[in-house]
Amino acid sequence: MSKNTANSTTGADGDETANATPSHANPLVTVDELRTYYESEKLLGGKPVKAVDGVSFEIGRGETFGIVGESGCGKTTLGRSILRLEDIEDGTVTFDGTDVTSLGRRELKEWRRDAQMVYQNPTSSINDRMTVGEIIREPLEVHNWKTASQRRDRVWELLDRVGLRSEHYHRYPHQFSGGQRQRVGIARALALEPEFIVLDEPVSALDVSVQAKILNLLSELQEEFGLTYMLIAHDLSVVRHICDRVGVMYLGTLMEVGPTEQLFESPSNPYTRSLLSAIPQPDPSVGADRITLRGTPPNPRDPPTGCVFSTRCPFKIRQPEHEQLTDDQWAGIEEFRRVIRERDQARTTVVQRAKGQLGLGSRFTPIREVTNELFGSLSYPDAIKETLDRATELVAGGNVTEARDLLDEEFSTVCEHDTPCQQGVTDEQSSRCHRHSQEYQEPGEYLSDSGEYLPE
Amino acid sequence: MSDTSQNETETIDRPRLSITNLRTTFTTDQETIRAVDGVSFGVSPQQTLGVVGESGSGKSVTARSILGLVDDPGEVHPDSEIRYHDPAFVEEVARTYPDRVKRADREETERHTDSFVTVNAGSGDGKSVTVERGSVDLVGAPDSVVKSVRGSEIAMVFQDALGSLNPVYTVGNQIKELLDIHQGVTGATATERATELLESVGIPDPKRRLDEYPHQFSGGMQQRAVIALALACDPSVLLCDEPTTALDVTIQAQILELLDRLQRERGLSIVFITHDMGVIAQVADSVAVMYAGEVVERASVDRLFDQPKHPYTKGLLQSIPGLTGEVDRLPTIDGSVPTPNEQATYCRYAPRCPEAFEECDSIHPEHVPVEDGIKDGPDVDHTAACLLYPESADLGDRLRQHRASDDTTTENTRGSRQ
């Protein structure tokens with residue numbers, strides 16, 4: 001697998017107009033502002049789940065492009081949308097100069113010869129009632145590929161190519177191990193000689209020693225057939241090993257794109273930094289010097305305003321008067337805001353509300369207990385303390401939304417107001433973060449200034 | 001009574017849970033699968049033992065055997081020993097079963113063949129015995145004793161968090177049920193305790209969470225709730241079976257941090273089972289590497305990653321992507337893990353081992369120190385079951401050593417079977 005050996009240059013920080021995606025001379029796949037929404041409760045005026053929300057990138061020929069992110073960030077939906085296995089809301093996918101989003105049924109079927117997918121779960125992605133031969137032959141039959149005997153020969157050839165034996169033709173999937181099943185899935189994807197394969201977590205379900213073999217097989221096949229891969233994974237070490245370029249996704253948005261080594265060595269986006277530092281290193285001498293993100297990714301049905309990562313970001317821009325707060329103090333405030341946000345969103349039934357009003361006990365922990373727990377051992381400057389106390393009073397009085405607004409007023413900054421745009425950090429690396437703008441410190445500088453991983 | 005003082009010096013490193021020659025077999029019409037075949041290890045208070053291996057190596061069955069959770073046709077061999085060493089618990093059991101106590105600290109007048117409680121240091125007799133040092137063998141113990149260990153003394157956290165929670169009861173309900181069964185705590189006190197537990201595992205706004213169902217929790221929160229359940233009865237040993245495998249790295253980091261904090265706060269002994277070498281490096285103090293039902297190498301975590309000795313451990317470490325730096329091909333281990341279905345009279349790793357030689361097929365390697373003659377230092381506990389060790393001895397000596405210990409173990413098993 002050829003690694004791009006692009007040198008990183010210190011780029012134009014804060015250049016808003018910089019072209020976000022590095023231009024490939026002749027990309028095979030171009031994704032532009034792709035959006036895929038899942039809309040339920042539409043009739044009732046519900047909000048759609050924005051699984052993929054405005055993603056743009058390019059994949060060069062023969063390249064392996066990785067997509068990483070936590071579960072639920074929309075990476076699988078992105079892969080499926082590119083292959084048009086999902087109905088997209090907006091945006092275009094261009095494959096070899098053709099806009100595939102506008103293809104009709106017949107053209108789409110024709111195009112699918114060139115673009116295939118390998119699925120994550122080797123036990124459920126192949127049909128247990130068909131023999132391995134039939135499974136691999138099926139795409140050939142669907143596309144009326146040559147004659148029956150040529151198809152059979154092709155299957156034998158494929159079996160051999162992916163490291164299975166010809167007598168496996170008549171066996172059933174349950175007779176195979178996980179690694180062998182994944183080989184069957186790969187053979188099926190290869191059957192029609194595609195140019196582009198979306199690999200959706202191809203090795204996540206496998207043991208390391210088997211995983212290594214499948215990764216090696218994928219590399220060999222890429223070299224032999226000149227394939228272009230898009231690898232979706234949550235295992236960052238796999239991505240680092242196999243990918244030329246990587247995109248990091250969070251809540252339907254591409255946070256950072258760049259050449260693999262550059263991205264792993266000098267991540268610029270706060271989310272990438274946090275994600276990378278969370279990987280357990282197989283080396284006990286490495287200290288646990290990591291950024292532990294608090295909380296979980298927000299609900300994509302109700303994403304935070306502004307930057308999608310703002311609710312968890314350890315590098316969040318603060319208002320100038322709050323810069324002096326310690327990490328613990330700031331964390332307390334953030335946690336308090338999270339609790340109030342969750343309460344504001346939690347649906348309360350009529351009965352529960354009535355019970356609360358009659359003083360028959362609430363399903364919530366009394367807010368004063370929460371604040372005692374959060375702020376008990378901390379002391380804050382008077383102005384902040386006053387705001388926090390006022391918010392607590394409001395919640396105690398049942399005005400959760402007002403408390404939320406009050407805290408937003410006091411503590412929110414550009415991170416919660418505006419969506420950051422994708423900016424070039426270096427020639428090939430681009431990232432979405434307000435800190436890349438000139439008026440703020442870069443995430444890296446912010447770190448080195450504080451001398452610690454988190455600001456003191 | 002008099003010998004308590006002389007034993008005090010060794011109390012520090014004494015394991016809280018020790019397993020000797022554990023064998024768990026699954027018998028079917030066709031064959032007997034020796035899923036766990038002669039595994040030994042121990043874990044001390046405040047310590048974390050990492051058990052690492054590929055799927056099918058017997059990691060999970062080991063953990064389930066400890067808690068007596070192996071179902072038919074699985075069977076823990078009666079010669080196996082699973083000893084729990086908590087003095088308070090041993091005393092309680094010794095008082096309940098006075099005629100099944102073996103006094104290792106004094107000359108016995110009568111011998112009990114079916115004793116499962118061993119008292120190594122203590123005083124008194126019968127129902128008023130006090131135990132300072134002793135152990136309960138969970139293999140020989142009656143079901144009621146095993147049941148009282150489960151949850152209250154040794155608890156388990158499973159990989160599939162959602163699967164180990166009941167979907168039709170609220171999380172609070174499940175915790176309260178547990179408190180009721182094990183400790184007889186009910187009503188408002190139970191609610192109070194449940195709230196505290198959820199809070200201690202870092203679930204914000206715990207009281208609201210008590211009334212929610214497992215599916216309303218995120219993956220990481222579910223695992224936290226499962227840990228809260230495991231801790232409900234204040235166990236001293238926690239068996240974690242791949243607790244973070246199904247989670248994202250950022251959430252995994254949170255859970256590992258949580259376990260670390262709980263260990264410090266409660267002095268827990270943790271047995272951490274995983275296939276992820278990265279996680280092992282982060283959480284474990286010592287490591288046991290399992291292969292086809294056997295422990296093939298045991299060492300402190302630093303030693304293991306620094307100087308892996310067994311060829312399997314070396315292969316496993318090399319096949320991790322990203323660790324070997326910029327390489328086009330990952331080194332792999334040929335073949336796949338065999339199913340251990342017969343008594344090992346050979347090295348089970350030999351068919352895949354790049355360093356195998358002729359004798360590997362005829363002698364079953366025993367655990368030996370990787371280097372001979374070392375009395376102290378970090379190397380003393382580093383053992384490997386491989387004919388290449390001890391490194392300092394020549395081939396003939398090594399073979400003799402392995403063959404001799406192999407014979408005695410086989411004889412022992414044979415003898416006790418009669």
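How many bridges join strand S12 (residues 286–291) of chain B to strand S13 (residues 294–300) of chain B?

The model is predicted, and local features need pLDDT of at least 70, side-chain atom pairs count only at pLDDT 80 or more, and totals for chains, interfaces and linings use all residues. Residues are numbered from 1 along each chain as its sequence is written, while chains are lettered from A and ligands numbered from 1 in the order in which they are written.

**View 1. Strands S12 and S13 of chain B are joined by 6 bridges.** The two strands run antiparallel; strands (E, at least two residues) and helices (H or I, at least four residues) are DSSP runs, numbered from the N terminus. B:Arg298 of S13(B) is the bridge partner of B:Ala288.

**View 2. Chain B contains an open sheet of 8 strands with mixed pairing.** The order is S9-S10-S11-S3-S12-S13-S15-S14, where two strands pair if DSSP finds at least two bridges between them. Strand S9 (154–157) and strand S14 (367–369) of chain B are the edge strands, each pairing on one side only.

**View 3. Helix H10 (residues 327–345) of chain A crosses helix H14 (residues 400–411) of chain A at roughly 145°.** Their axes come within 9 Å; axes are lines fitted to C-alpha atoms, for helices over the stretch in contact, and angles run from 0 to 180 degrees between N-to-C directions.
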